[in-house]
Amino acid sequence: MSEHGMSENTVAVVADDLTGAGDCVVQFARAGWRSHLALGPALPVGERTAVAVVTDARPLDTDAAAAATADAVSALVSAGSQRLYVKIDSTMRGSVAGQVAGALAAWREQVPGAFAVVCPSYPALGRTVSDGVLLVDGAPVATTAAAHDPVTPVHESDLTALLPGAVRVSADGDARALAVRLAQAGETADTVVVDAVADADLDHLAGAVALLGAHAVPVGSAGLAAALAPRWGDGADSPELPRIAVERVLVVLSSLNEVSLAQADELVRAEAGIHVLVPDSAVGADDAVASWLTGLGPRTPPATVLVRTPEPTDTGRERAAQAASSLAELVAAVTARARPDAIVLIGGDGSRAVLARLGARSVRIAGSVAEGVPLGRLEGGSADGTVVVTKAGGFGTARTVVDVLANLRSYCSHQEVNP
């Protein structure tokens, strides 16, 4: 145990946005780790604990992203963590090169000569890496919706182009042979990229990374984390969690990704009696919610309420921050008055703002209601104990959110619900 209280048997997950952090740390929960998504400076402690910290680095420029990531890694190292996983976007959106540089700079303070092993593959969600090219459902990422992201578009598909100075290593041979090649490449390059087109490839890579210990810093999506989690642990069973009963659900859409917008439209079509609320700068959040509840009369709030960001009139980080803040105020007002059993957050920036506004200090991750959709309970703040589900905006079919709500309402124990 370190002097700061965190066990040395702690995995530090440093993520560039909130939904990705949850999607990554739930992989450790599945493998028996006590898993938390930390939302403030206090870090949960204990044996076999995985702690995810959010840097909000995705939309930042390279230098700012490096600094934010380095600060997060340094804090976790000071707290005693001796394992590090850097969670990036599975479509390589945002400041990945800066995040890798910052993580290595901080990690090398305790592990000189450490290098990054990068593989954003997540086959279960259609993300694969073949011949060094990142593919989404078989198409180069720069030809997909990721190229049109309003804040962090992706214009290259080759990982070595997205990560200047990186070298590619073949994944051929057994794990020990791959570990040797990775170590040799890491002697001259800070960053090594590796292919993976199937879960078996990720498991193979995880075996090599585990052999290299702290010198190899894994950088990837939840796919590689899922393969590493059981190798870093000792095979303990997942902890028992209390039963969950969910009827009233508040869905919060902050993502402007075309995939998530289609999912919201499908939810409105599929959910009978759903109410949709949109922030209005001319009306305060409390007044808007009071007016909405007055309009309901003697009826109780509907089973499903969707709060969504309005269509943008312009783009950019400043506008995105303003939209997230307005959304968070409206969600806080709905939560205080309607008391939902669960909150489903779609999109990283808005999710971060909502949880900050609710005053939550962390999320205790319990499991998942679909692939890439973790579930937990809020710890601290005005909605303490409320079930929360997080989902990144850019994946799934039009029916994914509809299916998530159906799975959530049938979730009655700590066991995962298979979609």
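Residues are numbered from 1 along each chain as its sequence is written. In this predicted model, local features need pLDDT of at least 70 and side-chain atom pairs pLDDT 80 or more, totals for chains, interfaces and linings use all residues, and side-chain values use heavy atoms, without hydrogens or water.

The structure holds zero disulfides (pairs of cysteine sulfur atoms within 2.5 Å). The sulfur of Cys-24 is too far from the closest cysteine sulfur for a bond, because 13 Å separates it from that of Cys-119. Cys-24 is buried, at 0% relative accessible area (buried means under 20%, with a 1.4 Å probe and protein chains only). Cys-119 is likewise buried, at 0%.

A pocket is an open set of points on a 1 Å grid over the protein atoms alone, where a 1.4 Å probe fits, with protein on both sides within 12 Å along at least five of seven lines. Lining residues have an atom within 4 Å of a point. Here they number 35, and Leu-125, Arg-127, Gly-394, Phe-395 and Gly-396 lie nearest the centre. The lining divides into 13 nonpolar, 13 polar and nine charged residues.

Definitions and conventions. Buried means under 20% relative accessible area, exposed over 50%, partly exposed in between (1.4 Å probe, protein chains only). Ala, Val, Leu, Ile, Met, Phe, Trp, Tyr, Cys and Pro count as nonpolar, Asp, Glu, Lys and Arg as charged, and the others, Gly among them, as polar.
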